[in-house]
Amino acid sequence: MKPVWIVDDDRSIRWVLEKTLSREGIPFKSYASATEAISQLEQGIEPPQVLMSDIRMPGQSGLDLLQEVKTRFPSVPVIIMTAYSDLESAVAAFQGGAFEYLPKPFDVDQAVELIRRAIDESMHQSGAAEEEGLVPEILGQAPAMQEVFRAIGRLALSHATVLITGESGSGKELVARALHRHSPRADKPFIAINTAAIPKDLLESELFGHERGAFTGAQAQRRGRFEQAEAGTLFLDEIGDMPSELQTRLLRVLSDGHFYRVGGHSPIKANVRVIAATHQNLETRVKDGLFREDLFHRLNVIRIRLPSLRERREDIPLLTRHFLQKSARELGVETKRLSDPALKYLSGLDFQGNVRQLENLCHWLTVMAPGQQVEISDLPGELREAIPMAIATDWESALEGEVDRMLARGLGDVHGVLAQTFERILISRALAHTGGRRIEAALALGIGRNTITRKIAELGIDGGKEALAE
């Protein structure tokens, strides 16, 4: 490993960091000014594994050094230190590509942890570059997603009407677009409309168009979405919320293949493949009289059910990597990555917003996470407060998840809290098993009678019946 460079005009800071790195077995070099460090780089000296630099020094500043390093060696993580924790310095540091911003005075252990994170990042960057290549239109390795892929493949040569069901944010439009791209209509238009997002009075005109003078404000003829999608595919999202009168008109189009513009008298032939989607249970809406049964059967020729993210947790690492790369490309920054504990934590969360929520989270992390490697503590507060679902059947994995959550929240005495909880559950369940008889419970647990009596008192376990039972 290459040395960590320490650049600070304060000799005492250099001395503390030197002693700390020596104790940790991390090689280092120290410089008293940015000018000296830049001179070393100009002479062709091998760049550092990680650079730690003060921001304000006589002569060239830490920001000048940051710019020089990032220009020559963009993969080197730079930690900026400063006793002046002002907004301008922080913004300038991060805009310059700093790995982290460390205000003085800092805790030595905190500095070591940060340096190790930066070293890990540097080692990762120095490895083989991640090939992004051509990204598949839909990502998924879970068995439920493989079923979706198979369905799309079987429909490749079909013009059949398709109904896509799944929770909001699960990617129904992506499936609709994939069906279009792999169909005989691929070179024709794909037109999408969210029927729940358009006011009832305007939806008819949006779908079927209108003639000039058909209603107040209709100053010119307008082609609707059915005409725009001619010979192609029309995607009707949230079809379950379509008003009943428009359900009748849609049924007529699907039945005889013709429609009328609003205010029109001449039928127009519709050569359009309809793909509909909904997050609602249409069978239930039919029973409740909210959706036409005949329209439901017209739409439900072939149904594809898209699984929620909770049903395909094994895809979360794959999706996270993809969305982080996508956000980095859009923002023109380096791609961030999640540490193994952070990725495991995310994989256990109950994403109510499904894939869309995960994508938004990755964009947030690209902008807000301090380092290139994202830890649990870097996640938004509302996610750190969430309790992950147990993704493994063994209690040890569940315990690991709880420890990660408590550490991320910065709770004190994690050991004491969990140890007490562990003992309370053990003793309570043993007493329940023995009908409250303490001696039998103690024997079953392999502890002494005095120990179980003391623990019952210490942990506040209800011992009313237990005392009588003995």
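Trainee: In which order do the five strands of the open sheet stand, and is the pairing parallel or antiparallel?

Mentor: Let's begin with the general idea. Strands of a sheet pair through backbone hydrogen bonds, and the pairing can be parallel or antiparallel. In this structure, which is a predicted model, the five strands run in the order β7-β8-β11-β6-β12, with parallel pairing.

Trainee: Which strands stand at the edges?

Mentor: Those are β7 (190–194) and β12 (302–305). Each has a single partner strand, so one side of each is left without a neighbour in the sheet.

Trainee: Could you walk me through one pair? Over how many bridges do β6 and β11 pair?

Mentor: Strand β6 (residues 162–165) and strand β11 (residues 273–278) are joined over four bridges, in the parallel sense. To see one of them, pick leucine 163 and look across to β11, where its bridge partner is alanine 276.

Trainee: Now the aromatic rings. How many aromatic pairs does the structure hold?

Mentor: A pair of aromatic rings is described by two things, the distance of the centres and the angle of the planes. The structure holds five such pairs. Take phenylalanine 190 and phenylalanine 235: their ring centres are 6.2 Å apart and their planes meet at 20°, so this pair is stacked. Phenylalanine 190 sits in strand β7 and phenylalanine 235 in strand β8 (residues 233–237), so the pair ties together parts that are 45 residues apart in sequence.

Trainee: Are phenylalanine 190 and phenylalanine 235 buried or exposed?

Mentor: Buried means under 20% relative accessible area. Phenylalanine 190, at 16% relative accessibility, counts as buried, and so does phenylalanine 235, at 0%.

Trainee: And what are the distance and the angle for phenylalanine 208 and phenylalanine 259?

Mentor: Their centres are 5.8 Å apart and their planes stand at 40°, so we call that pair tilted. Phenylalanine 208 belongs to helix α8 (residues 200–208) and phenylalanine 259 to strand β9 (residues 258–259), so this pair ties together parts 51 residues apart in sequence. Phenylalanine 208 is buried with a relative accessible area of 0%, and phenylalanine 259 is buried with 3%. Ring pairs also link Phe208, Phe226 and Phe259 into a cluster.

Trainee: Let's turn to a helix. Which residues of α15 are buried?

Mentor: First find the helix: α15 (residues 354–368) has 15 residues and reaches 21 Å from its first C-alpha to its last, close to the 21 Å expected at 1.5 Å a residue. Its buried residues are Asn354, Val355, Leu358, Leu361, Cys362, Leu365 and Thr366. They cover an arc of only 140° around the axis, which puts them on the same side of α15.

Trainee: What do the buried residues of α15 pack against?

Mentor: Their packing partners are α13, β13 (337–338), α14 (340–347), β14 (373–374) and α16 (381–384).

Trainee: How should I read a loop residue? Which residues does serine 308 touch?

Mentor: Start with the location: serine 308 is in the loop between β12 and α13 (316–331). With 3% relative accessibility, serine 308 counts as buried. Not counting residues up to four places away in sequence, serine 308 touches Glu167 and Asn354.

Notes
Residues numbered from 1 in each chain as written. Predicted model: local features only at pLDDT ≥ 70, side-chain atom pairs only at ≥ 80, totals over all residues. Heavy atoms only, no water. Pairing = 2+ DSSP bridges. Helix = DSSP H or I, 4+ residues; strand = E, 2+ residues; numbered from the N terminus. Buried < 20%, exposed > 50% of the residue type's maximum accessible area, 1.4 Å probe, protein only. Contact = heavy atoms within 4.5 Å. Expected span 1.5 Å × (residues − 1). Arc of directions from axis to C-beta. Phe/Tyr/Trp six-rings, centres within 6.5 Å; stacked < 30°, edge-to-face > 60°.
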